[in-house]
Amino acid sequence: MGRFLLLLILLGALAVGAWLYFGGGMQVVTERSVEVALVEAGVPQEQAECMAPRMAERLTADQLQKLQNVAPQDGEAPLPRDAGEALARVRRVNDPEAVEVTVRAAAACTFGGIFENL
């Protein structure tokens, strides 16, 4: 009975892993994680819901991790005080593609049809 239960748990874990890897489940988790991170960074919920799928589709996990460097560091205000501080935060990401995808997603979600193909 113990071996059967262990085998059943192992098969269940393999099935979930296969679903996440092959069935797109991993992207759903990533989209949700991106959405939550955006909201926590101050992006309105509706905007985050729109941006997250675009970002999750186009960015790697490493790139998404790099975007956390935009978060305020010690001594910085929650939101950049001026363009110089905003630019300094963007430079900390050190990944032009990640920044570009994020800006395009924000533009497409803010302005709708104008940037629909971004």
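The accessible surface of the protein amounts to about 8,400 Å², computed by the Shrake-Rupley method with a 1.4 Å probe. Carbon and sulfur atoms account for 63% of that surface. The model is a predicted one, in which local features need pLDDT of at least 70 and side-chain atom pairs count only at pLDDT 80 or more, while totals for chains, interfaces and linings use all residues. Residues are numbered from 1 along each chain as its sequence is written, and side-chain values use heavy atoms, with hydrogens and water left out.

As for the fold, the protein has six helices and zero strands, giving the order α-α-α-α-α-α from the N terminus on. These elements are DSSP runs numbered from the N terminus, with helices taken as H or I over at least four residues and strands as E over at least two. Of the 118 residues, 24% count as buried; here buried means under 20% relative accessible area, exposed over 50% and partly exposed in between, with a 1.4 Å probe and protein chains only. Turning to contacts (heavy atoms within 4.5 Å), 46% of those between residues at least 6 apart in sequence join residues at least 24 apart.

One disulfide is found, defined as a pair of cysteine sulfur atoms within 2.5 Å. This bond joins Cys50 to Cys109, with an S to S distance of 2.0 Å. Because Cys50 sits in helix α3 and Cys109 in helix α6, the pair ties together parts that are 59 residues apart in sequence. The torsion about the S-S bond of Cys50 and Cys109 is about -85°, and the disulfide is therefore left-handed. Cys50 is partly exposed at a relative accessible area of 27%, whereas Cys109, at 16%, counts as buried.

Now to the open space in the model. The largest pocket holds about 1,000 Å³. A pocket is an open set of points on a 1 Å grid over the protein atoms alone, where a 1.4 Å probe fits and protein lies on both sides within 12 Å along at least five of seven lines; lining residues have an atom within 4 Å of a point. The volume is the space filled by probe spheres set on the points. The lining comprises 34 residues, with Leu38, Ala41, Leu67, Val70 and Thr102 nearest the centre of the pocket. Two or more lining residues come from each of α2 (25-40), α3 (45-58), α4 (61-66), α5 (83-93) and α6 (96-111), and α2 gives the most, with six. By class, the lining divides into 26 nonpolar, seven polar and one charged residue, where Ala, Val, Leu, Ile, Met, Phe, Trp, Tyr, Cys and Pro count as nonpolar, Asp, Glu, Lys and Arg as charged, and the others, Gly among them, as polar.
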